[in-house]
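The sequence and model come before the account.

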Amino acid sequence: LEAFHKANSAKYTAPEFRSVTYLLVRPEDAAERVPVTDKEISDSYEARKSEFTTPENRALRQIIFKDEEAAKAGYAALIGGRTFETVAKDIAKNEPQDLGRVAADGMPVKELREAAFKLKAGEVSAPVRSTFGWHILRVDEIIEQTVKPLEEVKDQVTKDLKTRRGTAMLAQMRERLDDA
């Protein structure tokens, strides 16, 4: 009997098969069905306003002096009408350094940050001491803080709200499917 079964095994064997069912739903798909009100959009914008805010920044240059006397002499020369570049070369014996556009939170040295953000465009600071030496800062330009208005970012805020809620809706749907 065993030999007969081996010789005719194809007649008595069913092919292996598996059945799989899957459902692909992405948060973006669910988001299309999520309603949001203007009040919810406005509230979300207010809560996330810092994301749409560009802080004030300043175009700064500095001269670093070796000691306080040289820094005071450099400051007196600047107040007297000499140019920033001339004072750097003649008194500090170096080139002025361009610090680029810097926001207050982008200046790690507290003393320099405080001095720089008290100045108006075109002004120079009194000598400031830091761990790196004596500095005189010049503000070349001030770029005011800007906040993108709700009208400009409304589509993005709406999409984010719908996607977040769509993801939550999918989680609930997944739980119901698992239970089923």
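**From surface to core**

V20, Y22 and L24 make a nonpolar surface patch of about 440 Å². The model is a predicted one. L24 sits in the loop between α1 (2-7) and α2 (27-31). Its relative accessibility is 66%, so L24 counts as exposed.

Helix α3 (residues 38-47) comes next. Its buried residues are I41, S44 and Y45. These cover an arc of only 100° around the axis, and therefore they lie on the same side of α3. The face turned away from that buried side carries the exposed residues K39 and A47. The cover over the buried residues of α3 includes β6 (146-147) and α7.

Past this helix, R48 is found in the loop between α3 and β1 (53-54). Is R48 buried or exposed? With a relative accessibility of 12%, R48 counts as buried, because the cut-off for buried is under 20%. Neighbours within four places in sequence aside, R48 is in contact with Q156, V157, D160 and R164.

The largest nonpolar core has 13 residues, of which I63, F65, L78, F84, V87, V124 and I136 touch the most other members. Two or more residues are given to this core by each of β2 (57-65), α4 (68-79), α5 (84-92) and β5 (133-143). For V124, the residues touched, not counting those up to four places away in sequence, are Y75, L78, F84, L119, I136, L137 and R138.

The charged pairs remain. Side chains of opposite charge can pair when their charged atoms come close.

K154 is partly exposed at 33% relative accessibility, while D38 is exposed, with a relative accessible area of 55%.

Another salt bridge, between the side chains of K110 and E114, has an N to O distance of 3.9 Å. Both residues lie in helix α6 (residues 110-116), where K110 and E114 are 4 residues apart, about one turn of the helix. K110 has a relative accessible area of 48% and is partly exposed. E114 is also partly exposed, with a relative accessible area of 39%.

The pair of D140 and R138 forms a salt bridge in which the closest N and O atoms are 2.7 Å apart. D140 counts as partly exposed at 32% relative accessibility, and R138 is partly exposed with a relative accessible area of 25%. Through salt bridges that share partners, R61, E85, R138 and D140 are joined into one network. R138 is also one of the residues that V124 touches, and V124 belongs to the largest nonpolar core.

Key. Residues numbered from 1 in each chain as written. Predicted model: local features only at pLDDT ≥ 70, side-chain atom pairs only at ≥ 80, totals over all residues. Heavy atoms only, no water. Buried < 20%, exposed > 50% of the residue type's maximum accessible area, 1.4 Å probe, protein only. Salt bridge = Lys/Arg side-chain N within 4 Å of Asp/Glu carboxyl O. Patch = residues over 30% accessible without salt bridge, like charges linked within 9 Å, V, L, I, M, F, W, Y side chains within 5 Å. Areas by Shrake-Rupley, 256 points an atom, 1.4 Å probe, with all protein chains shown as cover. Arc of directions from axis to C-beta. Contact = heavy atoms within 4.5 Å. Core = buried A, V, L, I, M, F, W, Y, C linked by side-chain atoms within 4.5 Å.
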